[in-house]
Amino acid sequence: MKLLSIESSCDETAAAVVEDGRRVLSSVIDSQVREHQIYGGVVPEIASRRHTENIVQVTRLALAEAGAALAEVDAIAVTAAPGLIGAVLVGVNFAKGLALAAGKPLVPVHHIRGHVAANYITHPELTPPFLCLIVSGGHSHIVQVEDYTTYRILGRTQDDAAGEAFDKAARSVGLPYPGGVALDRISRDGNPERYPLPTPHTAGKYDFSFSGLKTAVINLSHNAAQKGEALAPEDLAASFCRKVSGILWDKLEAAARDTGERRVAIAGGVSANSWLRERVEQGCQENGWQLYMPELPLCGDNAAMIGAQGYYELLAGNTAGMDLNGRPYMEIDSGF
Ligand code: KG4
Ligand code: ZN
């Protein structure tokens, strides 16, 4: 079964054609990141307008690269929550138009479920149940993926998402938005021992908190500036990356131990972080657990992951009517 999938929940306009939830026939991503960079973050109205301008061309390209006509796809999948609502609505309305015109089923997909499903593409042998750490620009969760469309949330962030913390730490050392990937890059030459950072405390055993860490980094750079001293950005980046990946791993390890889950996955934009990837690789090896990580191009936002999850939503009968609406917020364990 072939799905045409659309993703427009943030600053990437993306379309893909995916077969049987696992095989990517095409994946087109038009990133607006440069345009938002001068504002230090995504400007929602600009994002919506760019999606509106580009979505037709991006979709045409995805169909052409897959060698598929619209009439040949079996369903249209679209990110319908969560995300910047104006941006989400562009994709939702476009997908509704396509589904209506072509007479195809419309499949709404939860964006974060999509991030988890990126692992199905990279690891064709992966099937639920497994444990997943989801770390993106807007979310940090530990979930048990009980089935393709059934999730149990074990832990979540109490304040900032991991990606937000990376972006704010990056900004405090002068890196442009979104700084996570640049912070990761410069950290490779840094000394992770140089700047000791606090370990946050959380009420829930598998919950996260990143706002204290963010404040610690900002304070370090303010104090240095007041003393007229220069911070070593590479060392701060390395200290921050090591700290955050250590926290993420510790919580994931505790959740895996307590649940007895021996198959562990990571997902979301921050799952591209080299320190996190190394930490979970080492930890899983020590425990004898099987680790699943999306290949790097599938960690960030893309439509292929929406097509992968969309396939399983379709199999579960989770289609929508022409009254489908987008939602800015939605839990991963609830339905449309
Ligand atoms: O999943 P994603 O692409 O979008 C959301 O759904 O939010 O995640 C984007 C986040 C950004 O905060 C970005 O800085 C972060 O992922 N990110 C990274 C890395 N690559 C992307 N953070 C740390 N290290 C990276 N290599
Ligand atoms: Zn995302």
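**View 1. W249 sits in helix 8 of this predicted model.** Helix 8 covers residues 233-259, and W249 is one of its residues. Is W249 buried or exposed? Its relative accessible area is 1%, so W249 is buried. Setting aside the neighbours within four places in sequence, what does W249 touch? Its contacts are R279, V280, G283, C284, N287 and W289. For a sense of scale, look for L213 as well: 36 residues separate W249 from L213 in sequence, and their C-alpha atoms are 16 Å apart in space.

**View 2. The zinc ion (ligand 2) is held by H111, H115 and D301.** What arrangement do the four donor atoms form? The angles they subtend around the zinc ion run from 96 to 128°, which makes it tetrahedral. For comparison, the ideal angle for four tetrahedral donors is 109.5 degrees.

**View 3. Here are the donor residues of the zinc ion (ligand 2) again, this time along the chain.** Their spacing in sequence reads H-x3-H-x185-D. H115 belongs to helix 4 (residues 111-122), whereas D301 comes from the loop between strand 10 (290-292) and helix 10 (304-315), so this pair ties together parts that lie 186 residues apart in sequence.

View 4. A pair of packed helices is described by the angle between the axes and the distance between them. Which residues make the contact? From helix 5 come K168, A169 and S172, and from helix 7 come K214, V217, I218 and S221. Sorted by type, the residues of this contact are three nonpolar, two polar and two charged.

**View 5. Helix 5 has a buried set of residues.** That set is made up of A162, G163, A165, F166, D167, A169 and A170. What do these buried residues pack against? The partners are strand 6 (130-135), strand 7 (140-147), helix 6 (180-187), helix 7 and helix 8. Just past the end of helix 5 comes G174, with a positive phi of about 85°.

**View 6. Two cis peptide bonds and a positive phi are gathered here.** Most peptide bonds are trans, and most residues other than glycine have a negative phi. Start with A81 and P82, which are joined by a cis peptide bond with omega at about -20°. P82 is in the loop between strand 4 (75-81) and helix 3 (85-102). Next come P128 and P129, also joined by a cis bond, with omega at about 5°. P129 is in the loop between helix 4 and strand 6. Finally, D20 is not a glycine, yet its phi is positive, at about 50°. Where is D20 found? Look in the loop between strand 2 (12-19) and strand 3 (23-31). With a relative accessibility of 34%, D20 counts as partly exposed.

Key. Residues numbered from 1 in each chain as written. Chains lettered and ligands numbered in written order. Predicted model: local features only at pLDDT ≥ 70, side-chain atom pairs only at ≥ 80, totals over all residues. Heavy atoms only, no water. Donors = N, O, S within 2.8 Å, 3.2 Å for Na, K, Ca; no water. Tetrahedral: all angles 85-135°; square planar, octahedral: opposite > 155°, others 65-115°. Helix = DSSP H or I, 4+ residues; strand = E, 2+ residues; numbered from the N terminus. Contact = heavy atoms within 4.5 Å. Nonpolar A, V, L, I, M, F, W, Y, C, P; charged D, E, K, R; others polar. Buried < 20%, exposed > 50% of the residue type's maximum accessible area, 1.4 Å probe, protein only.
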